[in-house]
Amino acid sequence: MHEMIDDFDQSLLNALQRDGSRTNAELADIVGLSASQISRRRMRLEKTGVISGYHAHLDAKASGLFVRAFVRVNLRSHSEAGAGEFAQLIENNPLIVEAISVSGDADYVLTVECKTLEAFAAFIHETLLPHENISQVRSELVLRDLKRRFPTNNARR
């Protein structure tokens, strides 16, 4: 269902993306509507699926994860069985915090977070490279974050 998003909804969504724990009263001050109007809009956006959930953004380093890397993976086979095995590997490995299917020279890009470079090397050599359906693995270590922000809905405008 496509939802019609007006400027108030857009402002509400942007505020929630910056801090999903804000109360309706706090959001009302930001958006310029009453708390009851915010509550109704928020419930409508949740019911229609525009808002699909709320979660906390954890700081990896504060959680003891000091290595973040992007790992590009190519599969040998794109059969249903091969893709299913790879999906299971992704789902069951806690070091993989994000996995996306992409166009270009890789089939998938994984975001991996771990405590040490040694742990990352073990993940590559003991988990990915031996996997029978993975044909190629290329990785880039994150040296520093220049900008890391979760997207807002401003792209809709």
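Thr 111 counts as buried because its relative accessibility is 6% (buried means under 20% relative accessible area, exposed over 50%, partly exposed in between, with a 1.4 Å probe and protein chains only). The model here is a predicted one, so local features need pLDDT of at least 70 and side-chain atom pairs count only at pLDDT 80 or more, while totals for chains, interfaces and linings use all residues. Residues are numbered from 1 along each chain as its sequence is written, and side-chain values use heavy atoms, with hydrogens and water left out.

Thr 111 sits in strand S3 (helices, H or I with at least four residues, and strands, E with at least two, are DSSP runs numbered from the N terminus). Setting aside neighbours within four places in sequence, Thr 111 is in contact with Arg 68, Ala 69, Phe 70, Leu 95, Ile 96, Val 97 and Glu 98 (contact means heavy atoms within 4.5 Å). One of these, Phe 70, has Thr 111 as its bridge partner in S3.

Zooming out, four strands make up an open sheet with antiparallel pairing, in the order S2-S3-S1-S4 (two strands pair if DSSP finds at least two bridges between them). Strand S2 (96-101) and strand S4 (134-141) are the edges, each pairing on one side only. From one strand to the next, the twist averages 20° (axes are lines fitted to C-alpha atoms, for helices over the stretch in contact, and angles run from 0 to 180 degrees between N-to-C directions). Strand S1 (residues 67-75) and strand S3 (residues 108-114) run antiparallel, joined by seven bridges. Helix H5 (residues 117-128) packs on the sheet and touches S1, S2, S3 and S4, with its direction at about 15° to that of S1.

Next come the rings. The structure holds one aromatic pair (rings of Phe, Tyr and Trp, the last by its six-membered ring, pair if their centres lie within 6.5 Å; planes under 30 degrees apart count as stacked, over 60 as edge-to-face and the rest as tilted). Phe 86 and Tyr 108 form this tilted pair, at 4.7 Å centre to centre and 40° between the planes. Because Phe 86 lies in helix H4 (residues 80-92) and Tyr 108 in strand S3, the pair ties together parts that are 22 residues apart in sequence. Phe 86 also counts as buried, at 2% relative accessibility.

Elsewhere, the axes of helix H1 (residues 7-18) and helix H3 (residues 35-47) come within 11 Å and cross at roughly 80°.
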